[in-house]
Amino acid sequence: MTAPVTDPLRPLEAETYLVTLLTPVTRRALRDEALTQVDPGCFADPMFEHMWRAARALRDDDRAINVRNLLGRMRDDLPQRSPRDHASVQRAARWFEGHAGHVPEVGPFGEHIATVTRCGRLRRLVEVLDSVRAQALEADDPAQALTLAYEQLGKLDQADDDEHVHSYADLLDQFLEAQRTPDDAFIVPTPWTDLNGLLLGGLRAGRMYVVGGRPGDGKSISVLQMAHRCAELGHAGLVLSAEMGAPEVTDRMVSSGAVVEQSQITRRRLDDDGWNRIGEYYNRARSLPITVVDKPNLTLPYIKSVAREAKRRNNIRFMAVDYLQLVGSDSRGQQREQEVAAISRGLKQLSRELDIVVLVAAQLNRENVRAERRPKASDLRESGGIEADADVIILHHRPLIEEGDLKGQPGYTVVLYVDKNRIGRTGFVELDWRAHYATLGSTRQHAPIGGA
Ligand SMILES: Nc1ncnc2c1ncn2[C@@H]1O[C@H](COP(=O)(O)OP(=O)(O)OP(=O)(O)O)[C@@H](O)[C@H]1O
């Protein structure tokens, strides 16, 4: 008996894996990531291609992706589809029945995505080469056949990244338009006047800001303050907290926004003044467009999926992640430094893809404490990738008191070192330490809302 011939460009196992991701509730984040990355045309099996197209259509219409809706959408597609798709809907129904309850492992996700996209692209190449060959066999003029071949191969290349290829003339037109309409620039001032000076006005969409600090040096406080300020200025956004639960995030934002001591809030012992302030804050803050996600085991595919969803639904303009080293990875067998680098690269890409401000808190190692010096970007834990990917790195440092009874204790200021800045100067800003109000900086150091 001879073994069945397998076509290397028809990766049945990888395609089956991706399609089995479509329905299990527990694999939604991976599914959304796969739907974004893999084009339906990449599937060799026409039934899988049809299922994938239906799943993407449901996603774009904000409808649940389940077997019933998938089959319904596949049927709706039929008038525009080829006859082979009619049979594929019936096959699809049987296929879903046969795979009901199957939940794919997370581990091979990246490998299968890469296989399906690679094979899809190579199959398109083979198709074009076949057609080039057929034309050459019938051609009279070799030069003309060659020109045709170049044209078809060129299109193949463009199909992959057309939207990212810009002529300089178009870019100059966009440049002039941007210069003529300065108010359209998306720059969100941070809560601190001096920091806005260093950042040339504030936070920009498409950029990643890494906020580093030793534990307790206030990086969660400042990231939350910046997120809150974005929302106060009317921009919708996400706060993803792996470290604190949503109630604790709320406690802190209320303490800072209402200017009520955290200790009153944590002990649930508000005095009259506290209740008044919180009442006023409640009325103005209830409409703030902030969504908090407090999943302890955040992963990059999950973050991407929630952020893309939030972009579609609420047109978010910012996302804050607290904190980078708590974000897990789906990839196995990599050094943690490589994993963190992949996560920071993914977050940077997300800032560009969704055109949002990305704020990322990140831990520092103990190097600066040991060496008794201010922190540097290279002190970021598992740092290589973070240093390279961040557009701006802001490092928190609480200098120790040098004399008196409190010698060796952190003092009453926190210094924010802008250690890397792709869009302005480096430098530092000194702020009053007001952690009891979950706040950095006092009123005189704060930028008024609506002006830097
Ligand atoms: N009620 C309070 N009164 C005074 N200071 C407080 C109070 N609650 C918390 N703090 C201080 O606020 C700081 C916490 O800041 P924050 O959570 O932003 O730190 P972090 O840099 O994110 O560190 P970690 O990674 O440990 O969370 C700590 O220094 C803590 O001592």
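Helices are DSSP runs of H or I with at least four residues, numbered from the N terminus.

**Figure 1. Overall fold of the predicted model.** The protein comprises 17 helices and eleven strands. Of its 452 residues, 35% are buried. Among contacts between residues at least 6 apart in sequence, 67% join residues at least 24 apart.

**Figure 2. Close-up of the shell around the ligand.** The ligand is surrounded by 13 residues, and the closest are Pro215, Gly216, Ser220, Ala435 and His436. Helices α10 (219-232) and α12 (262-267) each contribute at least two residues to this shell. Helix α10 gives the most, with three residues.

**Figure 3. Packing of helix α3 against helix α4.** Helix α3 spans residues 46-60 and helix α4 spans residues 67-77. The two helices pack at an angle of about 105 degrees, and their axes lie 9 Å apart. Because angles of 65 to 115 degrees count as roughly perpendicular, α3 is roughly perpendicular to α4.

**Figure 4. Residues of the contact between α3 and α4.** On the α3 side, the contact is made by His50, Met51, Arg53, Ala54, Ala55, Ala57 and Leu58. On the α4 side, Asn69, Leu70, Arg73, Met74 and Asp77 take part. The residues of this contact divide into seven nonpolar, three charged and two polar.

How values were computed. Residues numbered from 1 in each chain as written. Predicted model: local features only at pLDDT ≥ 70, side-chain atom pairs only at ≥ 80, totals over all residues. Axes fitted to C-alpha atoms, helices over the stretch in contact; angles between N-to-C directions. Parallel < 35°, antiparallel > 145°, perpendicular 65-115°, else oblique. Contact = placed C-beta atoms within 7 Å. Nonpolar A, V, L, I, M, F, W, Y, C, P; charged D, E, K, R; others polar. Buried ≥ 20, exposed ≤ 12 C-beta atoms within 10 Å, placed from the backbone. Near = placed C-beta within 6 Å.
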